[in-house]
Amino acid sequence: PTPGNAQGPAPGGGGTGGMVGLTAKKTDWIVWLSLTPLQVHAYRQFLDSDAVNVALNSSKSPLTAIVVLKKICDHPYLLQPPSES
């Protein structure tokens, strides 16, 4: 194949067993919930932290701070360091 002319594997070959396009349909559900009091407290506490202040007032990427806020919203236990097994 040339650039702009990509082709898939030949029918019945290439490890697909001839089943190109027969994947299961994925359905995503989005459920909106209010934050718990613990999540609101952690969220506000993090917003007032030095880490957020540095992220907002520097040229560094704020991605790390955004990931922490997402974890607070998803589930506060995600903020705990991994336990050693």
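Biologist: Which residues make up the largest nonpolar core?

Modeller: This is a predicted model, in which local features need pLDDT of at least 70, side-chain atom pairs count only at pLDDT 80 or more, and totals for chains, interfaces and linings use all residues. Residues are numbered from 1 along each chain as its sequence is written, and side-chain values use heavy atoms, leaving out hydrogens and water. A nonpolar core is a set of buried Ala, Val, Leu, Ile, Met, Phe, Trp, Tyr and Cys residues joined through side-chain atoms within 4.5 Å. Here the largest one has seven residues in all: Ala 42, Phe 46, Val 52, Ala 55, Ala 65, Leu 69 and Ile 72.

Biologist: Which helix supplies the largest share of this core?

Modeller: At least two core residues come from each of α1 (37-47), α2 (50-56) and α3 (63-74); helices are DSSP runs (H or I, at least four residues), numbered from the N terminus. The largest share is three residues, and the helix that supplies them is α3.

Biologist: Is α1 roughly parallel or antiparallel to α3?

Modeller: The axes of α1 and α3 are 9 Å apart, and the helices pack at an angle of about 165 degrees (lines fitted to C-alpha atoms over the stretch in contact; angles from 0 to 180 degrees between N-to-C directions). An angle over 145 degrees counts as roughly antiparallel, under 35 as roughly parallel, 65 to 115 as roughly perpendicular and the rest as oblique. Therefore α1 is, relative to α3, roughly antiparallel.

Biologist: Which residues does Leu 69 touch, not counting residues up to four places away in sequence?

Modeller: Leu 69 lies in helix α3 and counts as buried because its relative accessibility is 15%. Its C-alpha atom is separated by 8.9 Å from that of Ala 42, 27 residues apart along the chain. With contact meaning heavy atoms within 4.5 Å, and residues up to four places away in sequence not counted, Leu 69 touches Tyr 43, Phe 46 and Leu 47.

Conventions:
Buried means under 20% relative accessible area, exposed over 50%, partly exposed in between (1.4 Å probe, protein chains only).
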